[in-house]
Amino acid sequence: MTASRAAAFAPINIALVKYWGKRDAALNLPVAPSLSVALQELGSLTIVQPDAQLDRDIVVVDDRPLDPAGLVRAERVLAAVRRRAGATGHAGVRSVNTVPMARGLASSASGMAALAVAAARAYGLDLSPAELSALARLGSGSAARSVPGGFALWHAGSAPDGSDSVAECLHPAEHWPLRVLVAHVGGRKAVSSTAGMASTAASAPMFEAWTATCRADVATARNAIAARDFGALADVVECNALRMHATMLWGRPPLLYWQPATVAVIHAVRQLRHEGTECCFTIDAGASVVILATAQDVRAVAEVLGEIAGIDEVIETRVGPGARVVESGA
Ligand code: PMV
């Protein structure tokens, strides 16, 4: 089959049980499993155009050439696809994020997942969702979870080549139409997840306990999602996020991603839940806070967030579907 242009969309995913620690840095293999939700309509649209004239891959994101570190990761995905397809040559890649990059949502996961799905189609591969998830993982670990939609579980796996470290869809989005609010809090440029994970794993005395927590939390969160038990889910999601940040704080150098508004949102969400509003928070490697809420309570949460100083913007969405090819064969 000859290579031809293909485009794919992949969603941003938010981890409810976090990934923080690699057992293999080159293949982005995690120490522990993690669990996430895909976000509806927020993500990356990526076009891959194989081009025999090019002497290297060209990757443009939001009209700018991808930074050197990002380019290395994108090339890992493209090289793996071409190796598998028995193809040579290079490609032009153009990606657009539906949320501007610095809005408190990491777009590398959706970008790498969209790249994997579009490149596989462009080079004529017909891969299973698990194989696409493994390809996306080569670009960014959490990208493995942007391939399946809805509620996704990324298995840590044990194979040295990473073939069993893939994400699967546990339930489609319709299973539990939870709402998601992203409270964007600006701040200093954060330490990258790759550098942060490496320093935490090497220096935090409670790193072992953190990974054991993740294994247990995945089982608890899985049951809570299957039963649509918001209280049980809220408890495990907040504990897991706080334990990740506690582990980061215990490393050398200590990693403190929070800003005052981050802490204000934590208190506000806890108070709301105490009063009976179904909502809970989670925080990635940055100052922004993501809040999960039921459809009937999301307005009350958004109103309270609107009164907190230091939040630049609140984006409202819901759990949505996974990555998909949107154009092929041009
Ligand atoms: O995939 P990376 O390298 O961007 O790491 C993601 C790390 C967290 O967002 C903090 C947690 C997670 O599981 O998404």
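This is a predicted model: local features need pLDDT of at least 70, side-chain atom pairs count only at pLDDT 80 or more; totals for chains, interfaces and linings use all residues.
D63, placed in the loop between β5 (58-61) and β6 (64-65), has a positive phi of about 70° although it is not a glycine, and its relative accessible area of 66% puts D63 in the exposed class. R228, in the loop between α5 and α6, likewise is a residue other than glycine with a positive phi, here near 50°; with a relative accessible area of 45%, R228 is partly exposed.

Helix α6 spans residues 230-249 and includes H245, a residue that is buried, with a relative accessible area of 3%. When residues up to four places away in sequence are not counted, H245 touches Y257, W258, I283 and D284. T277 is located in the loop between α7 (260-274) and β11 (279-282), and T277 too falls under the 20% limit that defines burial, its relative accessible area being 13%. Leaving aside neighbours within four places in sequence, the contacts of T277 are with L272, D297 and V301.

The cysteines were considered next. The structure holds 0 disulfides, a disulfide being a covalent bond between the sulfur atoms of two cysteines. For C239, the closest cysteine sulfur is that of C280, and because the two sulfur atoms are 11 Å apart, they are too far from each other for a bond. C280 is itself in no disulfide, and the cysteine sulfur nearest to that of C280 belongs to C279, at 7.3 Å; the cut-off for a disulfide is a pair of sulfur atoms within 2.5 Å. The two residues also fall into separate accessibility classes, as C239 counts as partly exposed at 35% relative accessibility, whereas C280 is buried, with a relative accessible area of 1%.

The structure holds 1 cavity of 30 Å³ or more, and the volume of the largest cavity is about 40 Å³. Its lining consists of K18, Y19, W20, G21, P30, V31, A32, W210, T211 and C214, and by class the lining residues of the largest cavity divide into 7 nonpolar, 2 polar and 1 charged. Among the elements of secondary structure, helix α5 (residues 207-226) gives the most to this lining, with 3 residues.

Definitions and conventions:
Residues are numbered from 1 along each chain as its sequence is written. Side-chain values use heavy atoms; hydrogens and water are left out. Buried means under 20% relative accessible area, exposed over 50%, partly exposed in between (1.4 Å probe, protein chains only). Helices (H or I, at least four residues) and strands (E, at least two) are DSSP runs, numbered from the N terminus. Contact means heavy atoms within 4.5 Å. On a 1 Å grid over the protein atoms alone, a cavity is a set of points where a 1.4 Å probe fits but cannot get out, and a pocket is an open set with protein on both sides within 12 Å along at least five of seven lines; lining residues have an atom within 4 Å of a point. Grid points are joined across faces, edges and corners, and a volume is the space filled by probe spheres set on the points. Ala, Val, Leu, Ile, Met, Phe, Trp, Tyr, Cys and Pro count as nonpolar, Asp, Glu, Lys and Arg as charged, and the others, Gly among them, as polar.
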